[in-house]
Amino acid sequence: MTAPNAPPTTTTTTQAYGESWYWDNRYAHDPSTFDWYQKYPSLAPLLRLYFPPTPHHPILVVGCGNSAFSEGLVDDGYDEVVNIDISSVVIEAMQKKYANRPQLKYMKMDVRNMSAFDTRSFSAVIDKGTLDSLLCGHNSRQNAGKMLEEVWRVLKDKGVYILITYGSPAYRLPLLKDLSWTIKLHVIEKLASGNSSHQTTDITCPIPLDVNGGSVEGAVGMKADVHYIYVCIKPPLCQDNSERVKDESPMEG
């Protein structure tokens, strides 16, 4: 009989990325701080552009792990950062670590079912690798769709979903376009240090997108070693939620 926290014999490591047992085991054996893809300083200029620090605009970080990213948000002036992860091991560790930082809240939760949060609860949702993890696992398209629907639901009107991913537009746009986002694309070099001071491109300048994302290769190069950052803006709605208004600027009002 397989132990509760042991991987099924037919599951590869990458296929297990969407499973709680994998992350519980990882964080139990290696509690050291780790940031997926990029550290806070490298992403800060883009975050400030789309949702500058404003009182009472809560941010949700999904698949937070034991990253120091959310600490960077609070140090930069964001006053309410909610973090969720599927691993109870890492959530308990982070709750203890930041017990004296009331701006940081940590909750065990599956991003595919965030029913503990009310609809339109957050001004921004930040995802560094969580969607990518689900896309590595079983039922990847179905799980990714559930996650994106939940992200859409918990975002306020004109809220912003920031997706940092290795997935090029050819692979990510078909998923994102299942919902009616206004999508902007930015790129950032893959740097192990996460140090923005050595970036050769301006992260705040969006890359032109055509329908299939083909224009990106011409803008950044066929073999560019970059992370793609999709800024997905939830459209504003009229009070009866039946008609969109023309103003599509994020985080206004």
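This report looks at salt bridges and nonpolar cores in the structure above.

The model is predicted, so local features need pLDDT of at least 70 and side-chain atom pairs count only at pLDDT 80 or more, while totals for chains, interfaces and linings use all residues. Residues are numbered from 1 along each chain as its sequence is written, and side-chain values use heavy atoms, with hydrogens and water left out.

## Charged pairs

Side chains of opposite charge can pair when their charged atoms come close. Here a salt bridge means a side-chain nitrogen of Lys or Arg within 4 Å of a carboxyl oxygen of Asp or Glu. By this rule there are eight salt bridges. The table shows some of them.

| Pair | Closest N and O atoms |
|---|---|
| R48 and D76 | 2.9 Å |
| D178 and R141 | 3.2 Å |
| K190 and D225 | 3.7 Å |

Where do R48 and D76 lie? R48 belongs to helix 2 (residues 40-50), and D76 sits in the loop between helix 3 (69-75) and strand 2 (81-85), so their pairing ties together parts that are 28 residues apart in sequence. Helices (H or I, at least four residues) and strands (E, at least two) are DSSP runs, numbered from the N terminus.

To describe accessibility, buried means under 20% relative accessible area, exposed over 50%, and partly exposed in between (1.4 Å probe, protein chains only). R48 is partly exposed at 37%, and D76 is partly exposed at 25%.

D178 forms a salt bridge with R141. D178 is in the loop between helix 7 (169-176) and strand 6 (182-189), and R141 is in helix 6 (residues 140-154), so this pair ties together parts that are 37 residues apart in sequence. D178 counts as exposed at 55%, whereas R141 is partly exposed at 46%.

The salt bridge of K190 with D225 links distant parts of the chain, 35 residues apart. K190 is partly exposed at 36%, and D225 is partly exposed at 48%.

## Nonpolar cores

In soluble globular proteins, nonpolar side chains tend to be buried together. A nonpolar core is a set of buried Ala, Val, Leu, Ile, Met, Phe, Trp, Tyr and Cys residues joined through side-chain atoms within 4.5 Å. The largest one has 34 residues, and L60, F117 and Y161 have the most contacts inside it. Helix 6 gives the most to this core, with five residues.

Leaving aside neighbours within four places in sequence, the contacts of L60 (heavy atoms within 4.5 Å) include V82, I84, M114 and F117. There is also a second, separate core of 31 residues, which includes L47, I91, Y106 and I203.
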